[in-house]
Amino acid sequence: MTARTSLPRRAAAELIGTAGLLVVVIGSGIQAAALSGDAGVALLANSLASAIGLGLIITLFGPLSGAHLNPVVTLTSWWARRTGGEGLTAREALVYTVSQTAGAIGGAVLAEGMFGRVPGAFATQVRDGGHLLVGEVVATAGLVLVIQGLGRSGRPKLVPAAVAAYVAAAIWFTSSGSFVNPAGTVGRSFTDSFTGIAPQSLPGFVAAQLVGCAVGLLLATLLYGKNPPASAPTTRTAPAAEPPATPRAGSPTLPGTVSVTPPAASAEAGPRDVPGTSKAAYRPIG
């Protein structure tokens, strides 16, 4: 279905969808921190809201653009096309990535303004340390494996629910908090809140996400094999008409039968002229 949608419309879907995702993630984080002083309760509320919002956004925008919402997912689609499967061209992948990043920044600014905060303030929460980067590699690799595994095993309809469930779980079982999204990570540097990340932490997190993308693709290939080849349109060929049977030379003719010789084929193939009809009615549609 996405192949029938124009690139500008798909880009708009990626921009709006990613903006909506950041509004959900950041907005629920601000709300949770304001309502509860318990970090565990706040994280639980944020993870549940993020998972539900992500599942709904994928379901809504999936028929338009595939609902990548994430340059890592877009990168896997581009790689699939390079290896002979179905996916995005380099130009389409670039447009998707720019749209996702712009949407993420816009969504972060909108969430800040929606809660009466000064929009555009950079995050001050530094997230560094090798253990956090390892957690981000694990989280991103798992996300890619979930999407690729379901796609290569013929179960793409499960992706919205599966991705939402995985993200909710990964927020808890990874040390990094499962950002898993370069565009979303950039957007979250524009909020000095519970879910923010300081700009100086961006290079390490984005690099870890790209490494996780490569690891996820490698695992998917190891477990499920290569991407299925791009489906080529099939053209049905009408079976050739069998010529009328002619008696063999020297074959006896039964008494009471008449040997009929079929008429020679006319120079122009087509139906016989019928009074009151037009030849134009029989012209093939092509």
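Helix 3 and helix 4 are roughly antiparallel to each other (an angle over 145 degrees; under 35 counts as roughly parallel, 65 to 115 as roughly perpendicular, the rest as oblique). The model is predicted: local features need pLDDT of at least 70, side-chain atom pairs count only at pLDDT 80 or more, and totals for chains, interfaces and linings use all residues. Residues are numbered from 1 along each chain as its sequence is written, and side-chain values use heavy atoms, with hydrogens and water left out.

**Helix packing**

Two packed helices are described by the angle between their axes and the distance between the axes. For helix 3 (residues 71-82) and helix 4 (residues 90-114), the angle is about 175° and the axes are 9 Å apart. Axes are lines fitted to C-alpha atoms, for helices over the stretch in contact, and angles run from 0 to 180 degrees between N-to-C directions. Helices are DSSP runs (H or I, at least four residues), numbered from the N terminus.

Helix 3 contributes Pro71, Thr74 and Trp78 to the contact (heavy atoms within 4.5 Å). Helix 4 contributes Ala90, Ala93, Tyr96, Thr97 and Gln100. By class, this contact has five nonpolar, three polar and no charged residues. Ala, Val, Leu, Ile, Met, Phe, Trp, Tyr, Cys and Pro count as nonpolar, Asp, Glu, Lys and Arg as charged, and the others, Gly among them, as polar.

**Aromatic pairs**

The whole structure holds four aromatic pairs. Rings of Phe, Tyr and Trp (its six-membered ring) pair if their centres lie within 6.5 Å; planes under 30 degrees apart count as stacked, over 60 as edge-to-face and the rest as tilted. Two of the pairs are tabulated here.

| Pair | Centre to centre | Angle between planes | Geometry |
|---|---|---|---|
| Tyr166 and Phe173 | 6.1 Å | 75° | edge-to-face |
| Phe179 and Phe205 | 5.2 Å | 70° | edge-to-face |

Phe179 lies in the loop between helix 6 (159-173) and helix 7 (182-188), and Phe205 in helix 8 (residues 202-224), so the pair ties together parts that are 26 residues apart in sequence. Phe205 is buried at 0%. Tyr166 is buried at 14%, whereas Phe173 is partly exposed at 48%.

Arg188 lies over the face of Phe179, 3.7 Å from the ring centre. The criterion is NZ of Lys or CZ of Arg within 6 Å of the ring centre and within 35 degrees of the ring normal.

**Ile171**

Ile171 is found in helix 6 and is buried, at 11% relative accessibility. Beyond its neighbours within four places in sequence, Ile171 contacts Leu43, Ser47, Gly177 and Ser178.

Notes. Buried means under 20% relative accessible area, exposed over 50%, partly exposed in between (1.4 Å probe, protein chains only). Helices (H or I, at least four residues) and strands (E, at least two) are DSSP runs, numbered from the N terminus.
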